[in-house]
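Please keep the sequence and the model at hand while reading.

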Amino acid sequence: DQPRLLRHSATSTTPTDAVRSINTLDVVARFSDRVVAQTRLEADTDGLYDNDLNANRNKTFRLGSTGYVEAAQASYENDWAVLSFGRFPLVWGTGRNGNVVVSANAPEFDMIAATLHRDWFHIQWFAAQLQHESFTKFQPIGRFLSGQRIVLTPFDWLEVGFAETINYSDE
């Protein structure tokens, strides 16, 4: 369970083969004050799948290097709402130094998310597709994660929140 940069390359056979480079390129296109599209491209010198959480990503193999879209999302926002869809990171759940449900180190998910803010009333909702489980070689099982949260802040010194997270499958 080491961070990706500290792991040995999946193709390493000698200590000198363990040298690895992971490079990212972030591109943000702002079409208007309200519509934004962004993507993160990642290039990795390791040519095989390693044992990270994102092993199911589609990678292009070429001379021991891989490249893939790490995240891509489009969003619309105005003064009181944000609607986003695509593949992007999610931080969800309570916790002092981290999150209980989805950690800050989780991979990006294919999802749709919405947030509404009106004075003292806030609602957040998301629906995400997780990596498929393959219990048999014939039929992978789809897994999904959904959550909603309502937060009320009637006073500056008081915040009350209610949240629910559901992990389910198509079986």
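A residue is buried when its relative accessible area is under 20%, exposed when it is over 50%, and partly exposed in between (1.4 Å probe, protein chains only). Asp26, at 45% relative accessibility, is therefore partly exposed. The model is predicted: local features need pLDDT of at least 70, side-chain atom pairs count only at pLDDT 80 or more, and totals for chains, interfaces and linings use all residues. Residues are numbered from 1 along each chain as its sequence is written, and side-chain values use heavy atoms, with hydrogens and water left out.

**Overall make-up**

- The chain has 8 strands and 0 helices; both are DSSP runs numbered from the N terminus, helices being H or I with at least four residues and strands E with at least two.
- Along the sequence, the pattern reads β-β-β-β-β-β-β-β.
- Of the 171 residues in the chain, 26% count as buried.
- Among contacts (heavy atoms within 4.5 Å) in the chain with a separation of 6 or more, 40% are between residues 24 or more positions apart.
- The chain has an accessible surface of about 11900 Å², and carbon and sulfur atoms hold 56% of it; areas come from the Shrake-Rupley method with a 1.4 Å probe, and for residues only the protein chains shown count as cover.

**Nonpolar core**

- A nonpolar core is a set of buried Ala, Val, Leu, Ile, Met, Phe, Trp, Tyr and Cys residues joined through side-chain atoms within 4.5 Å.
- The largest one has 11 residues: Phe88, Leu90, Trp92, Val102, Phe109, Met111, Ala113, Phe126, Ala128, Leu130 and Leu145.
- Strand S5 (109-118) and strand S6 (121-129) are the elements that give two or more residues to this core, and S5 supplies the largest share, 3 residues.
- Not counting residues up to four places away in sequence, Phe126 touches Leu90, Trp92, Met111, Ile112, Ala113, Leu145, Ser146 and Gly147.
- In soluble globular proteins, nonpolar side chains tend to be buried together.

- Gln73 lies in strand S3 (residues 66-77) and is buried, because its relative accessible area is 17%.
- Leaving aside neighbours within four places in sequence, Gln73 is in contact with Val36, Ala37, Gln38, Ser84, Phe85, Gly86, Arg87 and Phe88.

**Nonpolar surface patch**

- Phe31, Val35, Tyr76, Leu83, Phe85, Ile112 and Trp125 make a nonpolar surface patch of about 680 Å².
- Patch residues have over 30% relative accessible area and no salt bridge; nonpolar side chains (Val, Leu, Ile, Met, Phe, Trp, Tyr) are joined within 5 Å, like charges within 9 Å.
- Phe85 is found in strand S4 (residues 81-88) and counts as partly exposed at 49% relative accessibility.

**Salt bridges**

- The structure holds 2 salt bridges, each defined as a side-chain nitrogen of Lys or Arg within 4 Å of a carboxyl oxygen of Asp or Glu.
- Arg40 forms a salt bridge with Asp26, with the closest N and O atoms 2.6 Å apart.
- This pair links distant parts of the chain, 14 residues apart: Arg40 is in strand S2 (residues 35-44) and Asp26 in strand S1 (residues 22-30).
- Arg40 is partly exposed at 33% relative accessibility.
- Asp110 and Arg87 meet through their side chains in a salt bridge of 2.8 Å, N to O.
- Asp110 lies in strand S5 and Arg87 in strand S4, so this pair ties together parts that are 23 residues apart in sequence.
- Asp110 is partly exposed at a relative accessible area of 36%, and Arg87 is partly exposed at 23%.
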